[in-house]
Each structure stands twice: as C-alpha cells, then as structure tokens.
Amino acid sequence: MSRLSIRWRLTLWYGAVLAAVLAVFSVSVYLLMSRLLESKADDDLNHQMVVMEEQISQSDDESTLRVRLAQQFAKHPVYEMQVTENGDNTWLRSERIVQIGLPRSTTEGDIAEGVFEDISLPGQKRVRMFSKAIRRPYASLLVQVARSSEQNDKHLGELRGVLLFTGPVLLACVLGCGYLLARKALAPVDRLAAEADKITATRLNRRLEVLNHDDELGRLTRTLNGMIARLERSFGEIQRFTADAAHELRTPLAALRNEAEVTLRLDRDPQFYRNTLENMLEEIGHLTVMSESLLFLCREDAENKPTFADLRLDELTRSVTDHMRIVASADQLELDLDEPLIPCIVHGDRERLRRLLFNLIDNAVKYTPAEGRIRVGLDYRNGLARLYVEDTGIGIAPEHFPHIFDRFYRVDSARPRHSTATGLGLAICHSIALAHGGDLEIASQPGRGTRFTLVVPASPVDLSGQGATTATASLKA
Ligand code: ATP
Ligand code: MG
C-alpha cells in the first residue's frame, strides 16, 4: 500500500468507503423489502382467515358448514385451505392439496390467536401458513390457510439482482471519477516537483510560482520559497566567506613568496638571511592565527550543540583579566576590574567564553593608545548576565556597527598596535555569544572609546549553600 502513489491511495480509500456504504445500503434495502413482503403476505392470510371465520360462524351445524366450505373454498385460485376437526377429521381440503394436506402447526404459540409459520410442501419451495383454532358448539376446528411464497421470493430475487449489478457498476464509475479528481487535484504537486527539480545550487535565485495563495499547496509553495531564500542567503554567505578567506590568505602568501625570491636572487650576508627569516616567521605566525581562527569558525558553524556545563562567569572574568593585565601593561595601558563582579552562573563552554573575553580585551589593548584605560565588569539582573569590556581607545564610527561582526571586517582607519589583525576576532566573539543563547552589543564614540557587552542568560549563585562560599572566597581573592 505504501508503494502506491497518493493518487491511487486516495482513490482506493474513496472506493473502500463507498463500497462499505453501498453494501450497508443494499443489505438494508433488501432486508426492508423482505420484511415488507412478508408482512403483506401475513396480512393477506389473515384476511382470508377472517373470511373463513365468517362462513364458519354463520353455519349452525356440521353438514351445512361442510357444504359451504366445499362450495366456497375448495377451488380457490390462490390459497390452499384446510379445516379439520382437531387436526384429524378433515372437513375441507383445497383441490391442489387433496393428496398431501397441510401439516399440523408445530410452532409454539397461542393457536386460538393464530400462528404463522413457514413450511414446505412437495413441489413448492416455501409456503407461508396461518393456523387458527376455532370452537364451535358442535366441534373444535383447526382452520389453516397457506400460500406459496414463490412470488415474494421472485421479487426479492429481482431486487437482489438489481443491487448486485448496480452496486459494482456504480462503484467502478465512482472509482474512475475519483481517480480523475485525485489526478486533477494533485497535478499542481507534480508541477511543483518539476519546478523544484530545476532549482540547483547555481539557480537559487529562482522561486516557485504560487498559484493560489490561500490553499494548502499555496502555503507549501510559500514555505518552500522561504526555504530556498534561506538557502540562497547561506550559499551567498559561504561564497563570500570563501572568497574573503582566499583573498586574505593570498596576500601574506604572496608577500612570503616575494620575500623568499628577492632574498634568493643574490648572495646575502647571514644577518640579511636572519632578518628575512624573522619577517617570514612573523608572517607565518599571522597565517597560523588566521587559519586557526577560520577552523574555529567552521567548527562553530558545524557543531550544533557544544558540550555545555554550569560555570561561574565572575570567576572566569577575573581569571582572564588577571592574565591579560600583563599584556596591557606591556603597552602602557591600565586594565582594571569594576568591583564587585556580581557572582552568577552561566550554562556554557568555559574555553569558548575565555576566548570571547580574551578577544574583547585584546581588541581594547590593540585599539587604545598608550596611557589609556581598559575596564572590565560583570553585572547580573533579571536572569541576564552583562559582561563588558570598555576602553578609552580610538572608537568606532556608527556606520561600521552593522558590519563589525562580519568575518574579515576591519575598520580602515584603525591601525592596530601589532600587524597580526585578521578581522576574525569579533566574528568569533559574536558566534560564541549566539551559541550561548546571548548576544554581543556595541557602544562606541570615535576618539573617546568603545564598550562591548556580552549579554547571556544566567542564574544567580545560591548564597545560602555551596555557591555562596565559593562566591565569597573568590571575591576575597
Ligand atoms: P583579530 O581580532 O582577528 O586579530 P581584528 O582585531 O582586526 O583582528 P576584530 O577583532 O574582528 O578584528 O575587529 C574588527 C575591527 O573592529 C577591527 O579591525 C577594528 O577596526 C574594530 N575594533 C574592534 N575592537 C575595537 C576597539 N575596542 N576599539 C576600536 N576599534 C575596534
Ligand atoms: Mg580583534
């Protein structure tokens, strides 16, 4: 069944339901008809019995009655009749059953009221018989009237024939119409599939035609179009990213090649070689950082659910800031924590969050001139932790805000202190923030400074239990 097309399945279901309905209908009609005919036959028998009863009641003695019965009923064209005295002494027997007679009633019931039953007589398949006991002063009589059911059986047979013929014919017609209807209804699906087949990675700008906006297929088409649009965007991003990555790698590789070629062109003194190798080493370091960052971003894109655990964000902030203080002071910058850091717990990945904070402080160090100041703080309110890194550096103009988290995006005017900038740091921070169900916010004024804030869902530290002890301990530390 599952291998059949929807079209066929619909038709067959339709046919099965209709066949069941037709069967119930036909059986009901047949039974109703047979009951009607039976009750009509019983009424006729009863009527004939009444006629006979009248004759019997009008006769005062046996001989008169015998003569009357013989005259009126012995040659009746339709009914077979029999009158006996207690079933033994026969007073009347219709001509057609003179030899065989009617059997005595075997059905339990009040014979004085009259009893109906089906019997069979030689030469007749089914016979309906009505027996009734009638008391007269001169005798106790058993009066019986019978009639062949052949006519009724013939009518029922005809009805059966009609139902058995029209049922299947009707079913076949309806199945045919059902198949055509299902085909017509599903034709747009075939067209949709054919159109969708034509949309490949290189033709993602195409869209499926929506024929009717309000029906189910219209909704399906709109959903598919939405999916193709998302795919187009993702493909575009991947293409841009690949092109940017290739471009970013080409420049340092060309520089390396150039440097090696120029150096090898003439015989140089050892000091020259040493300088060249040092330069090349620096460039290779830059390339290594970039490829490592690219790898990180690719993994971040591919990995849906990194292994997360509950961790103390205040402790992590303190540890990374302490570590970066040495780097900042080497550039004559002051790096301070805005105490107190509000203790809170984040469900996340320790290494990723360390990397995020490290990147933010690294940027602050790179883009803040000597004698500047960097402040790191942590606040917790209403289930959200806000971790910020603020500097008094060169700042970022607002027009760069929409692109600042794009991969390889760098502000032209920014001249980092060291030449290892790849433009991937903030993209990494942003993807880490998103992976933690949070976001990265930026506020900056050119010439005055920048503030990056990580906003992530967090929970408070339980101050009554273990958490409180740890929090106090870490705060004292
Ligand atoms: P990388 O971090 O890969 O070494 P990068 O620092 O240039 O390189 P991002 O960290 O992504 O790259 O930063 C993107 C750009 O945003 C930087 O080039 C710089 O122009 C600007 N920027 C980032 N942080 C600051 C900041 N604190 N102050 C001023 N400009 C900033
Ligand atoms: Mg950076």
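Reader: Let's start with Arg-126: is that buried, partly exposed or exposed?
Author: Keep in mind that this is a predicted model. Arg-126 counts as partly exposed, because its relative accessible area is 29%, and the cut-offs for that class are 20% and 50%.

Reader: What does Arg-126 form a salt bridge with?
Author: With Asp-118, where the closest N and O atoms are 3.5 Å apart. Asp-118 is partly exposed too, with a relative accessible area of 39%.

Reader: OK, and which helix holds Arg-257 and Glu-261?
Author: Both lie in α4, which runs over residues 216-265. They are four residues apart there, about one turn of the helix, and their side chains meet in a salt bridge at 3.1 Å, N to O.

Reader: How exposed are Arg-257 and Glu-261?
Author: Arg-257 counts as exposed, since its relative accessibility is 57%. Glu-261 comes out at 35%, so that one is partly exposed.

Reader: Which residues get joined into one network by salt bridges that share partners?
Author: Asp-42, Asp-118, Arg-126, Arg-128 and Asp-153.

Reader: And what about Asp-349 and Arg-352, buried or exposed?
Author: Both are buried. Their side chains form a salt bridge, 3.4 Å from N to O.

Reader: How many salt bridges does the structure hold?
Author: There are 28.

Reader: Switching to ligand 1: how many residues surround it, and which are closest?
Author: 22 residues surround ligand 1, and the closest are Asn-363, Lys-366, Asp-391, Thr-422 and Leu-426. By class, the shell has twelve nonpolar, seven polar and three charged residues.

Reader: Which element gives the largest share of that shell?
Author: That's α7, with three residues. α7 (350-366), α8 (425-435) and β12 (449-457) each supply at least two.

Reader: What polar backbone atoms sit by the ligand's oxygens?
Author: One belongs to Leu-426, 2.8 Å from an oxygen atom of ligand 1. For Val-411 the distance from a polar backbone atom to a ligand oxygen is 3.1 Å, and for Leu-424 a backbone N or O atom lies 3.2 Å from one.

Reader: How much of ligand 1 does the protein bury?
Author: The protein buries 95% of the 590 Å² that ligand 1 exposes when taken alone.

Reader: Last one: which residues make the nonpolar surface patch of about 250 Å²?
Author: Leu-4, Trp-8 and Leu-12. Leu-12 is in helix α1, residues 6-58, and counts as partly exposed because its relative accessibility is 36%.

Notes:
Residues numbered from 1 in each chain as written. Chains lettered and ligands numbered in written order. Predicted model: local features only at pLDDT ≥ 70, side-chain atom pairs only at ≥ 80, totals over all residues. Heavy atoms only, no water. Near = heavy atom within 4 Å. Polar contact = N/O pair within 3.5 Å; in protein donor to acceptor, adjacent residues only side chain to side chain. Areas by Shrake-Rupley, 256 points an atom, 1.4 Å probe, with all protein chains shown as cover. Nonpolar A, V, L, I, M, F, W, Y, C, P; charged D, E, K, R; others polar. Patch = residues over 30% accessible without salt bridge, like charges linked within 9 Å, V, L, I, M, F, W, Y side chains within 5 Å. Salt bridge = Lys/Arg side-chain N within 4 Å of Asp/Glu carboxyl O. Buried < 20%, exposed > 50% of the residue type's maximum accessible area, 1.4 Å probe, protein only.
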